[in-house]
Amino acid sequence: MKLIWRLFPHPFLTLLLTLTWLLMVNRWSLNSLVFGFLLGVVIPFVTQPYWPNRPNLRRPLKIAEYILVVLMDIIQANIIVARIVLFKPNADRRPNWITIPLELKTPEAITALAGTITMTPGTLSADVSDEGHALLVHCLDAPNPDAVRDEIKQRYERRLMEIFE
Amino acid sequence: METILEFLVAAFLVTAGIFGIVGSYGLIKLNDQMSRLHAPTKATTLGVGGVLLASMLHAAAFEKYFSYHELMITLFLFLTAPITANFIAKVHIHREETRDTMPEAGGDDHWATHDTPEDEERRHAAQTPPEED
């Protein structure tokens, strides 16, 4: 058992790399599966010193739900932002900084949240506080900053909490 | 059937083009630095996404094979776009803002971009209890 952990320090990464290789090759064959798996074993093994901790995924299946929610939001919010850019005069727009107090603790989860915030249009994560308890977000148009903060906490942070912590 | 699929591919391409143009137009139109940063990150999501969907659909419908590596482009974009945006935002905070012009950092003292080596030493000293002689 110990030997298996030694050989596969990051089973998720191995799986992900194999899948990535298969998708890159773009055509199914046993050859590419074997080679992808080989890469999936060698790369985590060689880069092991840089990844001392294994991210703790409590409910991996929830990731699929999370991705779907984010994709839907991206499409919806893209239209909203396009409307703002095209039709709203700059004088009426209220750009705003908002501070999001974080309940997430692990760096992986905070990174995922920051990335999500940037990819969903209208909001952009800019910085994290010095001790990692808050996230600084810039809003393109936020007449009501508190509502944006609550929505991010409700929609994304709660789901990430379920996945990571 | 073929015509419908062709229309669908064209529709995806046109939507992608529109969002690309809106993203670029936003760069000119928006009037402060941080807002300007919003426009290009948006063009990457739906603008590129639409082209990739059209490409996958075209391969499946007209070239008789399934193409997946468009998914990889999406994945790599989603990994890299937030990081470039974050770096540009950090440059803005460095050059244009000071600790006093920034909003409160939640319960903490300041934002990480304004952190100095002295701050780090202070934090370190606060965490490790003073040694007894």
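This is a predicted model: local features need pLDDT of at least 70, side-chain atom pairs count only at pLDDT 80 or more; totals for chains, interfaces and linings use all residues.
A partner of α5(A) within the chain is helix α6 of chain A, formed by residues 145-164, and the two helices pack at an angle of about 150°, with their axes 10 Å apart. The crossing of α5(A) past α6(A) is right-handed. On the side of α5(A), the contact is made by E108(A), A109(A), A112(A), L113(A), T116(A) and I117(A), which meet I152(A), Y156(A), E157(A), L160(A) and F164(A) of α6(A). By residue class, this contact comprises eight nonpolar residues, one polar residue and two charged residues.

Helix α2(A), with 15 residues, reaches 21 Å from its first C-alpha to its last, close to the 21 Å expected at 1.5 Å a residue. Its buried residues are T14(A), L17(A) and T18(A). Viewed down the axis of α2(A), these buried residues fall within an arc of 100°, and they therefore line one face of the helix. The cover over the buried residues of α2(A) includes α3 of chain A, residues 30-46. After α2(A) comes N26(A), which has a positive phi, near 70°.

Within α2(A), T18(A) may be considered individually. This residue counts as buried because it has 20 C-beta neighbours inside 10 Å, the cut-off for burial being 20 or more. When residues up to four places away in sequence are left aside, T18(A) touches G36(A), F37(A) and G40(A). The C-alpha atom of T18(A) is separated by 23 Å from that of A109(A), the two residues being 91 residues apart along the chain.

Between the chains, 34 residues of chain A are in contact with 43 residues of chain B. On the side of chain A that touches chain B, the elements that give two or more residues are α2 (11-25), α4 (62-87), β1 (96-101), α5 (107-119), β2 (123-128) and β3 (134-139). Of these, α4(A) gives the most, with seven residues. The residues of chain A on this side divide into 20 nonpolar, eleven polar and three charged.

How values were computed
Residues are numbered from 1 along each chain as its sequence is written. Chains are lettered from A and ligands numbered from 1 in the order in which they are written. Two residues are in contact if their C-beta atoms, placed from the backbone, lie within 7 Å. Helices (H or I, at least four residues) and strands (E, at least two) are DSSP runs, numbered from the N terminus. Ala, Val, Leu, Ile, Met, Phe, Trp, Tyr, Cys and Pro count as nonpolar, Asp, Glu, Lys and Arg as charged, and the others, Gly among them, as polar. Axes are lines fitted to C-alpha atoms, for helices over the stretch in contact, and angles run from 0 to 180 degrees between N-to-C directions. A crossing is left-handed if the near helix is turned anticlockwise from the far one by less than a right angle, and right-handed if clockwise. The expected span of a helix is 1.5 Å times one less than its number of residues. A residue is buried if 20 or more other C-beta atoms lie within 10 Å of its own, exposed if 12 or fewer, and partly exposed in between; C-beta atoms are placed from the backbone. The arc is that of the directions from the helix axis to the C-beta atoms.
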